[in-house]
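Open the model in your viewer and keep the sequence panel at hand. We will go from one selection to the next and look at what is there.

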Amino acid sequence: MELINSTYNQSGRDVNVTAAHVNDSYFDSSDSFASVSSSVRNVINVFMVPALCVIGFAGNVVNVLVLRRYGYKESNILFLTSMSLVEMTLTWLNAILSLGDILKYIDFTAALRVGAFTAIYFNVPRQIVISINVCHVTTIAVERAIAVCLPFQATRLFSISRIKKRLIFIYIFPSATLFPALFMLEHKWIYSPVLNATLIVPVETQFYKSNRVSISTYMNVPGNLFSTFIPVIIIACSLIVILKLFQRKLSFSTKTNSKKVKGQQGMKILLSVCLATIFISIPGISLLKYCQFTNLTSGDLYNLFNDISKLLSQLHASTDFFIYVTMSSKFLKIFKELLEIS
């Protein structure tokens, strides 16, 4: 739920901001908003995102290890394990995209090169991974809605074999949809007399120049799909599940059997994953819509929005462990056993 339909602008923006450091005007800037924005972006990219990356990677490694101990006999375990692997990948990509901001305190010229290179070649893969992650959550939300509304059909519709096929589709669909964006930009070396060094800048590929209108029109489709249609599905399905759970709570007798309690606990965990996605994604969607309605594609505000978007994506990739460990006694028990073994 990021700025997927502005992939080209994101990559170009990251590189152009980096390259802008070579201008004397950058060092003499007295724009108060630019100064505040730069400070906030430094905090996000140098401290907050790296810290969340460490938490997210460690948490998702634990998720995979614990979920493996569960076994793969349940469809939900397959989904959650796959989602943890996707979030580990997203964590690596967010860490790579923050390297340039960290390196500028060590080697300014190297930071410019690394920042530009990672923006050109790692921004689009990051968007693809985010889309795959969103598809996981959407499938979980739809599956839970069907489970509470049509419990007898849910077992047949979400069998292990069908879940495996859906997982394959979840990986293929976003990758194929956003595939053209991988060929929009390439790098070019230029000499900077200010720094007396060669820097990397983005240039449009011949493929993009030859198919600019077609690609730009096509990229609007996944942009609207992942920023509007899919969030609506997650919200609608989550509301259905919440309503059904509330109705069941009212209708349950005082003697609720352990099987129902276990089913309710699993339902609440998956619902919490969906709700976390909704609440963390709403600010990102709002920023995207603001950029669309105001035609904001560059400048300090746009740069700040993109970094906030990256921060939100990493925050989302770091929350699942805390949901599992606080809401599942079995997960917590296995986690403690792993700590004792280590």
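**A histidine to start from**

Keep in mind throughout that this is a predicted model. Begin by selecting helix α12, residues 300-317, where you will find H316. Is H316 buried or exposed? Its relative accessible area is 9%, under the 20% cut-off, so H316 counts as buried. Now show the side chain of T277: a polar contact of 2.8 Å links it to the side chain of H316. Beyond neighbours within four places in sequence, H316 also touches E87, N133, V137 and I280.

**Into the core**

Next, select M83. Setting aside residues within four places in sequence, M83 is in contact with N133, H136, V137, I140, V273, D320 and Y324. M83 belongs to the largest nonpolar core, which has 60 residues. Along with L80, I140, M184, I234, V241 and Y324, M83 is among the members that touch the most others. Colour α6 (108-149) to see the largest share of this core, 15 residues. Helices that each supply at least two core residues include α3 (32-70), α10 (212-251) and α11 (258-294), as well as α13 and α14.

**Where two helices cross**

For the last stop, select α13 (residues 320-327) and α14 (residues 329-341). Their axes lie 5 Å apart, at an angle of about 105°, and the two helices are therefore roughly perpendicular to each other. Show F321, Y324, V325 and M327 on the α13 side, then S329, F331, L332 and F335 on the α14 side, to see the residues that meet. Seven residues of this contact are nonpolar, one is polar and none is charged.

How values were computed:
Residues are numbered from 1 along each chain as its sequence is written. This is a predicted model: local features need pLDDT of at least 70, side-chain atom pairs count only at pLDDT 80 or more; totals for chains, interfaces and linings use all residues. Side-chain values use heavy atoms; hydrogens and water are left out. Axes are lines fitted to C-alpha atoms, for helices over the stretch in contact, and angles run from 0 to 180 degrees between N-to-C directions. Helices (H or I, at least four residues) and strands (E, at least two) are DSSP runs, numbered from the N terminus. Angles under 35 degrees count as roughly parallel, over 145 as roughly antiparallel, 65 to 115 as roughly perpendicular and the rest as oblique. Contact means heavy atoms within 4.5 Å. Ala, Val, Leu, Ile, Met, Phe, Trp, Tyr, Cys and Pro count as nonpolar, Asp, Glu, Lys and Arg as charged, and the others, Gly among them, as polar. Buried means under 20% relative accessible area, exposed over 50%, partly exposed in between (1.4 Å probe, protein chains only). A polar contact is a pair of N or O atoms within 3.5 Å; within protein, one must be able to donate a hydrogen and the other to accept it, and residues adjacent in sequence count only if both atoms are side-chain atoms. A nonpolar core is a set of buried Ala, Val, Leu, Ile, Met, Phe, Trp, Tyr and Cys residues joined through side-chain atoms within 4.5 Å.
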